[in-house]
Every structure is written in C-alpha cells, then in structure tokens.
Amino acid sequence: MKYRSIALLFALLCTSVLAEEGMWTLDNLPRQALARQYQFDVTPAWSQTVQKASLRLAGGCSGSFVSAQGLVLTNHHCVSRCIAQLSSRDENLLEAGFVARELNQEAICPEIEVNQLLDISDVTQSIHQTIADLSPQQAVTARKAAMSELEAGCGQGDHKLRCEVVTLYEGGRYHLYKYRRYQDVRLVFAPETQIAAFGGDPDNFSFPRYALDMSLLRVYDEGQPVQSKHYFRVNPAGAQVDELVFVTGHPGTTRRAFTVAQLVSLRDLILPQRMSYLAELRGVLRQFATVGPEQERISRREYLGIENTLKAFRGRHAALSEPGFMEARRSQEYALRERVHDKRALRKTTAGAWDEIAKAQLVWRDIYTDYSMLELMRGYQSDLLAIARHLVRAAQERPKPNAQRLREYTDAALPQLTQRLFSAAPIHPELERLSLGWSLEKLREFLGPDHPAVRLSLGVEAPQALADRLIRETQLADLSIRKALWDGGAAAIAASADPLIEFARRIDGPARAVRARQEQDIQAVVETNSTLISQARFQLDGTDNYPDASFSLRLSYGQVKAWTEKGREIEPFTTVAGAMARATGQAPFAFPPSWLAAETQLKLTTPMNFVTTHDIIGGNSGSPMINRKTELVGLVFDGNLHSLGGAYAYDGRYNRAVAVHPAAMKLALETVYAADHLVDELFSAP
C-alpha cells in the first residue's frame, strides 16, 4: 500500500525537534534558531509586515495582500465555491475561467470573509482565574462564558472587527486575536479548473506537480478597494535551492499534543467512520454527475472537495496505523509521565490526567456516531436544512446573554453566520434532494431504525420521499423569507409552517442533548486534563516550543530542497515543459483551450511548481511563501504524500510543501490570459 511510505515520517519521533519543525505564533518566533542557523534577525518591522500582509479566508484557507490596492492572492481551490456560485447553466466559470479587465467587472463573492490580524493579547491569566477550583463540567461552561465576554469587549459592537480567543498549548495559554473583518470580497482572476487542478486526484498530495492553483481577489471597504499599507511584492524570480524562505498562513488543526488514547480514538473510530461515509457520498455524486452536464457542473466542486478530504484522511489513518508510530508515542508519553511522577507537586496535580482523558475516550466511543449524525448533521446533508437549523437555533440563542449562548451564535460569530444565511448564492434543489435523501438513509443505517432520533426524524416516511417533500415544499430558498424569520425571532419560528423549519424544530432536541453530553462528559474532561499536562510541560521544559495549529496565524521556515525516496532524488522544481510532457489531452491531464492556443508562445523553461521543507497542514492552502525581504516567492497549495502524517508529527527529511512558482503566475497572466493590468499590479516595484 503506497500510504505505508508515510511510516518514514516517524523515525525521528524520539529525537530532538528538527530545525524546520514548527508552526510558530508571531509573538513567539524561534528568533535564536533563525539567528544561529541562518543569521537572520527578526525585526519588529519585519514581523509587522508579515502579520498585516497575511490574511485568513474565514472559510478555511489563507491568503495575502499583494498590492497596495487590496489585491489578494490565494489558491483557486480556496475560492472554488465562489466561482461555482458565480457560474450558471450558460456560463460555467470553473471551466471557462474568469478575468476582470476593469474594477467594475470584479464579481462579489457571496460568502467569502477575509480577516486581517491587527493585534494579539495574552488573556491566559483572566481565563485561568475564572476556572480555578471548578470541576471540569463547571469549568467548560465558565471558560466559554469568559471567552465570549472577552470577545465582545474586544469587538465593542463594531461589525468590522472580529475577535477570537485562541486556545494554545491545549489550554496552557489563551490569546485574544483581534481581526479586521472584510466581507466585500470580489473575484478578480481565476484560471480554468483544468490547469488550476492539472493532474486531478492522481497527482493530489504528490510531486512532481504542474498546477496553476492560484486566484486573485480584491478586498473592498465602503465600496472602494482597500488601500493596503502592508503587502508582499511578488518576485517572479522565486527562491533558490537551499534559500531560507518562510510560510505565513493559517494551518487548520494538528494533533501533535494528543495523548495516545486520543490518537487511538482517531485511528479506530473517527477516521474509519469518516472515510466510509465520504467514500459512499463520493460514489453518489459521481453517479449524479453522469446524468447530464448540468448535474456534473453543480456537483463538481463538492465532488472534488470530497476526493481531496478522503485522500487526506486515508493518509492520516495510514500514519496512525503504522506500528512504529504508536510505539514511539507511547514511549514519549511514558517518559513524560515518569518525569511528572518524579516531581511531587506535579504528581499531585497531574499524574492522573492521562487516565482521565482515556476514560473520556470510552464515552466518546459510545456517543460519537450519534454526535456525528445529529449534531454535526451528517445525517442531514442539505444546505437548506442547515439554514433552517441556524434560524431555529438563533431564535433561541440570540435573546440569551452573550456569554450564555452556543459559541456559534455569540456576537463575535454572528456577522459571518448572517453573511452565509443571507447569501444570494444559488442552491440547487435537485442536488439538495439527493444529498438529504442519501444522508437520511445513512442516519437510519448508522443509528438503527429504532433509535429515537431516527423515528423522530423519519416518522413513517421513507428517507428519499421525506427529502423530496421537504425540499419541494420549503420556501427557504427565498432570501426575504429567511430574513423575515431571522428578524421575527422565536415568535416567527414558532409560527412558521415551512416544512424545513418544522423539521429543524423537531430534530433539534436530540442534537442538543448529544452535544451537551459531549461537552460535559468529554470536552470538559479533556480540556481540564490537557491543560494540566500542558502546564506540566511548561514547568519541566519551559515555553520555548510551538503550540498545535488552531487556524490562527503561524509562521514556519524552511528551504527549497529535494528529497531522496527509494534511491531516487526528487528534484525540487518542475517546468512548463514538464507539464506539456505530462499532458495527454484527456482529463485530468488535459490543458484548457486557452493554454493550447498559447502553447507556441510559452517559455518551456519557466518554473511551474516547487517544494520546500516547510511544516504545513490543511488551512495553509493559499499561504504566501516569502523571503527575507518579505517578497512573495511562492504560493502554497498542497503537500506531498509524507505531509499527510503532519497532523501528528513532522520529518524534515521527507515532508514537503508544494507551491506555485511566481514565474508561472506571470507567464500565465501575460501570455495566456492577456491580463497585463494584473501583471503590472502584481509585479511592479512598490
């Protein structure tokens, strides 16, 4: 099995931290290591530029300002939802691509929010004081309330600010991040999916690669392009082999501080169920796409996303299933527990923490399927039903004091939620009926026909018949009706006869119940005891380390570097010539017509993609790769196969980040898309 090659990742688990390892917060950069190894001094001005030029796409990706006029560079796959929403039966922009020749042609993305980090403050003491001497169950409630209060005080009702308390070091530290929120974000340029995802699933998480996975957005404020003081000028020369370069982005989630018991739950329960579910859903969508061109168009983005996620999960599962990995993690955990036991004060507070987390995993095994199908809505896959549940829950939550609400309905979270709820993006009834009917069948299959929530959901109707009726009769596709229900609050929701609202009211009780149990019996125990373990590490080893990723701004450093595998050296750069040699004329190795038309004008030696030793994970998609002078020298869009185990460990010998070379961006914009205005904006000197 090819995923077994990931086993190479774990050979260094019991050795010291590698130089390139780490996703560092900007207020705790490895300054001494950078100075010692690379003779690079991180100045306040450098850090300020990096922080203000780096951006977060709130839906789960990264990006960066690349001009003084608010131009944003990110990946094509990060904005594919926007591109699909701007498409129609008559104009499929995922196939045709998009170029705005003038500002007034830039198209508003209905649901993209861009965040720029303004400030970081340490609020650890405040939260720790709030939860001191409380039971785990009391602490989880008090902690959430304290976080909501801090966020509300930071934002002060300004909808242009987004404040989030970020949990670091498994609760050992809490930082308050203040963002500038931009919700007027417009599509400027997107190549065709054929070239943005050239190689498709066969090339995904591999190298060599030949993809132009880039898109350009522009951020607006009060109807005008934002004047961005801090941005990365794009250097078409890129980076050289062994050159020090940085990735600054928003890695999603790593699990490197998990206990062995938590990792076993991932390996034996969570990942297998997720893979089984996604594999079947992929087959359903594949069959749907064969019905006709329109069905293929409206399902393509979701299908590609499932393929990507499924491949990533398989790689992670293979990593966790490698015996050498778990053996190494058990040895590490045992060694830490022995060190804790040797310290009398730590032994008293922390010695039992691992056992308490292990007990919580037993509860997790009992309720995970219920939690997944009911609260995470994997038994209710429908955009319209998700809207209905948000309307129902918001009507219950919004009247409560901010600190007592579910976290997704706090004042800090509402602007992004309402952007999605009131998006004018099209919702396709045919796809809705398919996905809801299929997922209701999974609900019955996973939980059993006699489960109270299944009986409450289905009544006497068959899953597909129920889905057909709900989607056919609902009026929630009408924005005015959604807004009326939102504005009318609990009274409007209670009076509504819309079938999806009625259904959402009916199923909300079981979902809330399993969520409450997860929070009280699992989350509370894990958070309390993980914090104890983290604090023990601080006492034993200090704080000169990086925390697990949490979709907050991080910096990693590394070099452009080849690697050797099975006796063969994998060169770090690919070229346009290599892409042409790989092209077969058949998907997924087919050039789009625009590239075929410009083929004779393309400079074949132009670098296309390249790899570096950076420590990255999902969420880093769209991250800028910059040099010492804060020039953008690459655009991260993927990792190699070995990087799939990066959620749990890092091995600089084999882990590689994969990036688009800026020379390929310049060549494409100039030669293929005749977008000289964008070339001037991107590549001109400041």
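Cys-154 is buried, and Cys-163 is buried as well, where buried means under 20% relative accessible area, exposed over 50% and partly exposed in between, with a 1.4 Å probe and protein chains only. The model is predicted, so that local features need pLDDT of at least 70 and side-chain atom pairs count only at pLDDT 80 or more, while totals for chains, interfaces and linings use all residues. Residues are numbered from 1 along each chain as its sequence is written, and side-chain values use heavy atoms, with hydrogens and water left out.

**Disulfides**

- A disulfide is a covalent bond between the sulfur atoms of two cysteines.
- The whole structure holds 3 disulfides, each defined as a pair of cysteine sulfur atoms within 2.5 Å.
- Counted along the chain, the bonded cysteines follow the pattern 1-2, 3-4, 5-6.
- Cys-154 and Cys-163 are joined with an S to S distance of 2.0 Å, and their link is left-handed, with -60 degrees about the S-S bond.
- Cys-61 is bonded to Cys-78, S to S 2.1 Å; the torsion about this S-S bond is about -80 degrees, so the disulfide is left-handed.
- Cys-61 lies in strand β2 (residues 61-65) and Cys-78 in the loop between β3 (71-74) and α3 (80-85), so the pair ties together parts that are 17 residues apart in sequence. Helices (H or I, at least four residues) and strands (E, at least two) are DSSP runs, numbered from the N terminus.
- Both Cys-61 and Cys-78 are buried.
- The sulfur atoms of Cys-82 and Cys-109 lie 2.1 Å apart in a disulfide; the torsion about their S-S bond is about -75 degrees, so this link is left-handed.
- Cys-82 belongs to helix α3 and Cys-109 to the loop between β5 (107-108) and β6, so that distant parts of the chain, 27 residues apart, are linked.
- Cys-82 and Cys-109 are both buried.

**Strand β8 and its partners**

- Of the 10 residues of strand β8 (residues 173-182), 8 are buried, so the strand is largely enclosed by the rest of the structure.
- Strand β6 (residues 114-122) runs antiparallel to β8 and is joined to β8 by 8 bridges; two strands pair if DSSP finds at least two bridges between them.
- Ser-121 has Leu-176 of β8 as its bridge partner.
- Strand β7 (residues 161-168) also pairs with β8 in the antiparallel sense, over 8 bridges.
- Leu-176 in β8 stands opposite Val-165.
- The hairpin of β7 and β8 has 4 residues between the strands, and Tyr-169 takes a positive phi near 55 degrees there.
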